[in-house]
Structure formats: structure tokens, C-alpha cells
Amino acid sequence: MSDVFEAIVSVSVLSACLRIATPLLLAAIGEMVTERAGILNLGIEGTVTVGAFSSFVVVDQTGSLWFGIVGGIVGAMALAALMAFLTVTIKVEQVVAGLALNLVGLGISFYLLRAIFDSGSTTVPTVSTFSPVEIPLLSDIPAIGNIFFSQHWLTYFSVVLAVGVWVGLERTTYGLELRSVGHNPEACDMRGIPVHRVQYAALLFGGFTAGLAGAFLSIFSTGLFFPDIVGGRGWIALAIVIFGNWRVGRILIGAVFFGFLEAYQLSLQSRGVDIPDQLLLSLPFLLTIVALVFNRARSREPLHLGVPYYRGER
């Protein structure tokens, strides 16, 4: 029983919590922006997978980690552009389009992995990874330095990005227009706001953050790529958006909380504590259901979420 409580305050668990939370936060922030524009993108799992694969292949072929970042972003944004074309331009049902893109992303990544690398080999190719960035002086603080100031630069960037998204959505004219498109696109159209252009931009931004999330998994954390590298994180990001009630601050807290759950579970397993890992893995979705039940009256869900906009219809 002491191992259960020791793991909660372990420096290694708390440090791993922030690393694990990074791709969740990146994917959730992009999905939140997309949904605030009225588009429900269920293809985020496949998009993150494409980002992870593209980053891995580019680093393997060029040897440049920075080119890998660009490759991951480009690959994920290409899939996001396809989602935008399907849902915004030709009005395919958004749930169907998102699920189809998941299959496309996973299928393409697995096929190209077999095509580019030796399909008969039993060894998994590896690439170099980014090293954590230790902030001078602050990283020397006992415990706190290891937890907060010895992380990857993308972890710091994800927090800065979250703050920037909050400012952009809540304190700028463009943010007001984007939120309005998610609530009442017809009124926005009447005021001259380019509804479809705003939705395209939101989906491409979601692809940008999903590409960063995928890159973090392959060229920051592991140096590997395998078909299940995302491991359901795209679906957890969707759950975090609902759990956070479409608010940046709550989404940040939710990503850290769910990151802690996974880090805690891994620590318990390494200590030999016999707790079913399925229980902790199901918590994000159980807590999302609880949040839906108790926050329904105060929900900030966009009123036009998942509904295609047909210009000129009444």
C-alpha cells in the first residue's frame, strides 16, 4: 500500500506527467479551436499518427530533427486539409468523415512503413531524438527543477501555445469571429465573415498542433515509429476538450491530470502493484461522462458543432 502513495509524490512520476501531457495538450488545443469553429473532427487519432510517421521518416532520411518537425506538421496538415475539403466544401457528415480519416491515417502510415523499411526485418528502425532542455539555475532547484525545468522544449512551447490560443480566442477580433462561426454561422455570413475560410483555418491549425503532437511521440519521446504509437491519445484529447468544457485553462489542467494518471499507472506497474491498468486507462472517458452530466447546463459547446453550413439556406 505504501508504494501506491509513494508513487503519487514521486519526482519521476510528476516529471513524466508533464512529458506525457504534452501531446495530449497539443492535440486537445487544436481540437478545441476546430470545434469552436463548428467542426467536429473525429479524425484526430489518425492525424496524430500521420504526424508521428512523417516526422520519423523525415528524420530517418535527412538526419535532421528540425526537418522532422516540419515533416510532421506538413503530413498532419495535409490530412487536416482533406478533412476540411470533405466537411466544409462538399459537406460530408462530420462523424463519418472523421472516422474515415482515422482509417486513412492509420492505413497510410502502416503501408508506407512497410514500403519504406524492410518489411521482412524483425528489427524496428530508430532515429535520434531531441534532448530535454535544462533551464539554467531553475533546473538546479531540488525536485521542482527536475519536474518543471528539465523538460523538452516542445513541452514549454505547448504551454505558451495554450496561453496564446486563449488570448487569440478571447481577446482578439478574429477569435470573436471564430467563436461566432461555431455558434451562428448564418449571422456571421450576413455580416460578411467568411465562414468557410474560418473553418478551413481552424482545421489547418488543428492539423498543425496534431503534427506537433505526433512529432513529440516519435522524435522526442521514443525515436521509434510503430502503428499503435498514438495509443488512443487522439480520443483522449477529444475527451479532454469536453472535460475542459471548451476552455483553454481547463483543457490544460485536464491534459496534466490525464498525463498524471498514465504516469502513475506506469509507476505502479514498475513497482509491482497489482491494479488493473484498464481501470486507469478508462478514467478519462468516465470523467468526461461525469463532466457532461454535471456541466450540461453550463456547457460552452458551440451551438453549431457538427452541423454543416449551407450558405443561403434558411
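How much space lies in the second largest cavity? In this predicted model, the second largest cavity holds about 30 Å³ of space.

## The second largest cavity

When the whole structure is searched, two cavities of 30 Å³ or more are found. The lining of the second largest cavity is made up of Gly30, Glu31, Thr34, Asn41, Ile44, Thr47, Gly206 and Ala210. By residue class, this lining of the second largest cavity comprises five polar residues, two nonpolar residues and one charged residue.

Three helices each supply at least two residues of this lining, namely helix H2 (11-36), helix H3 (44-62) and helix H10 (195-222). Among the contributors to the lining of the second largest cavity, H2 gives the most, with three residues.

## Helix H10 and its partner H7

Helix H10, which supplies part of the lining of the second largest cavity, also packs with helix H7 (residues 153-171), at an angle of about 165 degrees and with the two axes 11 Å apart. Because angles over 145 degrees count as roughly antiparallel, H7 and H10 are therefore roughly antiparallel to each other. The crossing in which H7 passes H10 is left-handed.

## Residues where the two helices meet

On the H7 side, the residues that meet H10 are Trp153, Leu154, Thr155, Phe157, Leu161 and Val165, and their counterparts in H10 are Phe205, Thr209, Leu212, Phe216 and Phe220. Taken by class, the residues of the contact of H7 with H10 are nine nonpolar and two polar, with no charged residue.

Definitions and conventions. Residues are numbered from 1 along each chain as its sequence is written. This is a predicted model: local features need pLDDT of at least 70, side-chain atom pairs count only at pLDDT 80 or more; totals for chains, interfaces and linings use all residues. Side-chain values use heavy atoms; hydrogens and water are left out. On a 1 Å grid over the protein atoms alone, a cavity is a set of points where a 1.4 Å probe fits but cannot get out, and a pocket is an open set with protein on both sides within 12 Å along at least five of seven lines; lining residues have an atom within 4 Å of a point. Grid points are joined across faces, edges and corners, and a volume is the space filled by probe spheres set on the points. Helices (H or I, at least four residues) and strands (E, at least two) are DSSP runs, numbered from the N terminus. Ala, Val, Leu, Ile, Met, Phe, Trp, Tyr, Cys and Pro count as nonpolar, Asp, Glu, Lys and Arg as charged, and the others, Gly among them, as polar. Axes are lines fitted to C-alpha atoms, for helices over the stretch in contact, and angles run from 0 to 180 degrees between N-to-C directions. Angles under 35 degrees count as roughly parallel, over 145 as roughly antiparallel, 65 to 115 as roughly perpendicular and the rest as oblique. A crossing is left-handed if the near helix is turned anticlockwise from the far one by less than a right angle, and right-handed if clockwise. Contact means heavy atoms within 4.5 Å.
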